Amino acid sequence: MTWGLILFLAAVLSGCSAASTVANVETGSRKVAVFDGGQITQSEVQKQIDALARQSGLKEAPQPGSAQYKAAVSQVMPQLVDTKIAEAYAREHGISVSSGEVQKALENFKKQAGQQARQQFGTNLSDEEAFRQVLKGYGINESQARQQIRVGLLVRKVEDRVTGNVSPSEKQIKSYYEKNRAQFKVPERRCFSAIVFAPDKKKQKEQAEKVKGKLENGGDFAKLAKKYSQDPRSAKKGGKVGCVSEGQISLSALDKAIFSAKKGKVAGPVEVKNLGYYLIEVTKIEPGHTTPLEKVAPQIKQHLAQQERARAFQRWLEQQKKSRDVKYLPDYRPQGSTS
């Protein structure tokens, strides 16, 4: 799950839980859609619209009567109806989610939030801190998050029940692979080491040139990196940084140097604005290639199965809407609906 998906879930799932009862608030408790086994109130729709506004970065949600509100309703209503129908089916067929299942999913959610924060944003946030930031960003607390996770797990269980086992054939897997070979191309990767000098212009550049001379005269890169490099993390490892594909490093000068250097030859000093001077040694080149079908077949099979499950579940939901006779107030009728 990507960081973007984590944020997306936090926003989209907001409002899926049942609306709390508010005394003497007629508009909030007004039914805007009803069906055999359930209903949707205006307050529930408003919660979804509020979440959509937060996701879109709006300072405030559109208000009833406005064109923006109608557009928001048309966007959130279909999903809300689908969720409510799934919840109704779950009640009728004894499908439930335990507190243990919610806790396990929550812990996994926190772990993924932390991993994505550290990998994509370079932070040192703990899993818990990253999770709190997600909640804060979308205006929900942990109790609400637990409820949203419960609903998500419940919908998934209903999907599992009504779609059954879906397994694409070997022919379908092979066909997908042939049509999408570009997806399985692995670009060339280069492993490199670096000796870093601070951006102190003349003095540091001269020092970099001096160390380069030592390297060209047979000096040991690892030993010189430990002695001269001003990047503590890589210096401890003898200058070893890691392996990257072209374009993966956002610093264009450094990226260009790495992918134009010859293996085993020292490149540089390369000046990187505000960061200093780099001496680069490419230690290994992993050629680009296309991953063979046998290695990616399980991944393709899962992908195709998920696609078919999603289509089957949507067909089931459309059938449920007809059989449950979903009816809407005029201003809340999704586009294309005639009820």
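Q: Why does T291 count as buried?

A: In this predicted model, T291 has a relative accessibility of 15%, and since buried means under 20% relative accessible area, T291 counts as buried. The residue is found in the loop between strand 8 (289–290) and helix 13 (293–323), where T291 touches Y177, F184, V186 and V296, not counting residues up to four places away in sequence.

Q: What makes D325 partly exposed?

A: The relative accessible area of D325 is 42%, and because exposed requires over 50% and buried requires under 20%, D325 falls in between and is partly exposed. D325 is found in the loop between helix 13 and strand 9 (327–328).

Q: Why is T83 called buried?

A: T83 has a relative accessible area of 9%, and because the limit for buried is under 20%, T83 is buried.

Q: Why is helix 3 called roughly perpendicular to helix 4?

A: The axes of helix 3 (residues 42–55) and helix 4 (residues 67–92) come within 9 Å and cross at roughly 115°. Because angles of 65 to 115 degrees count as roughly perpendicular, helix 3 is described as roughly perpendicular to helix 4. Helix 3 passes helix 4 in a right-handed crossing.

Q: Which residues make the contact of helix 3 with helix 4, and what classes does the contact have?

A: From helix 3 the contact is made by Q42, E44, V45, Q46, Q48, I49 and L52, and from helix 4 by Y69, A72, V73, Q75, V76, M77, Q79, L80 and K84. Sorted by class, this contact of helix 3 with helix 4 has nine nonpolar, five polar and two charged residues.

Q: Why are helix 7 and helix 13 described as roughly perpendicular to each other?

A: Helix 7 (residues 142–163) and helix 13 pack at an angle of about 90°, with their axes 10 Å apart. An angle from 65 to 115 degrees counts as roughly perpendicular, and helix 7 and helix 13 are therefore roughly perpendicular to each other. In this packing, V155, R156, V158, E159, D160, V162 and T163 in helix 7 meet R309, A310, A312, F313 and W316 in helix 13. By class, the contact of helix 7 with helix 13 has seven nonpolar, one polar and four charged residues.

Q: How do you know that strand 1 and strand 9 pair?

A: Two bridges join strand 1 to strand 9, and the strands run antiparallel; because pairing requires at least two bridges, strand 1 and strand 9 count as paired. In this pairing, A33 has Y328 in strand 9 as its bridge partner.

Q: What makes strand 2 and strand 9 the edge strands?

A: Three strands form an open sheet in the order 2-1-9, with antiparallel pairing, and strand 2 and strand 9 are the edge strands, as each pairs on one side only. Helix 3 packs on this sheet, touching strand 1 and strand 2, and its direction makes about 60° with that of strand 2.

Q: How many bridges does the pairing of strand 1 with strand 2 have?

A: Strand 1 (residues 31–35) and strand 2 (residues 38–41) pair in the antiparallel sense over four bridges. K31 stands opposite T41 in strand 2, and F35 has G38 in strand 2 as its bridge partner. The hairpin of strand 1 and strand 2 has two residues between the strands, and G37 takes a positive phi near 110° there.

Q: How do you know that strand 7 pairs with strand 4 and with strand 6?

A: Nine bridges join strand 4 (residues 189–197) to strand 7 (residues 276–286), which run antiparallel, and strand 6 and strand 7 pair in the antiparallel sense over five bridges. Because at least two bridges are needed for a pair, both counts meet the requirement. R189 stands opposite E286 in strand 7, while V270 has Y278 in strand 7 as its bridge partner.

Q: Which peptide bond is cis?

A: The peptide bond from G268 to P269 is cis, with omega near 5°, and P269 is found in strand 6 (residues 266–272). Most peptide bonds are trans.

Note on methods:
Residues numbered from 1 in each chain as written. Predicted model: local features only at pLDDT ≥ 70, side-chain atom pairs only at ≥ 80, totals over all residues. Heavy atoms only, no water. Axes fitted to C-alpha atoms, helices over the stretch in contact; angles between N-to-C directions. Parallel < 35°, antiparallel > 145°, perpendicular 65-115°, else oblique. Left-handed = near helix turned anticlockwise from the far one by under 90°. Contact = heavy atoms within 4.5 Å. Nonpolar A, V, L, I, M, F, W, Y, C, P; charged D, E, K, R; others polar. Buried < 20%, exposed > 50% of the residue type's maximum accessible area, 1.4 Å probe, protein only.
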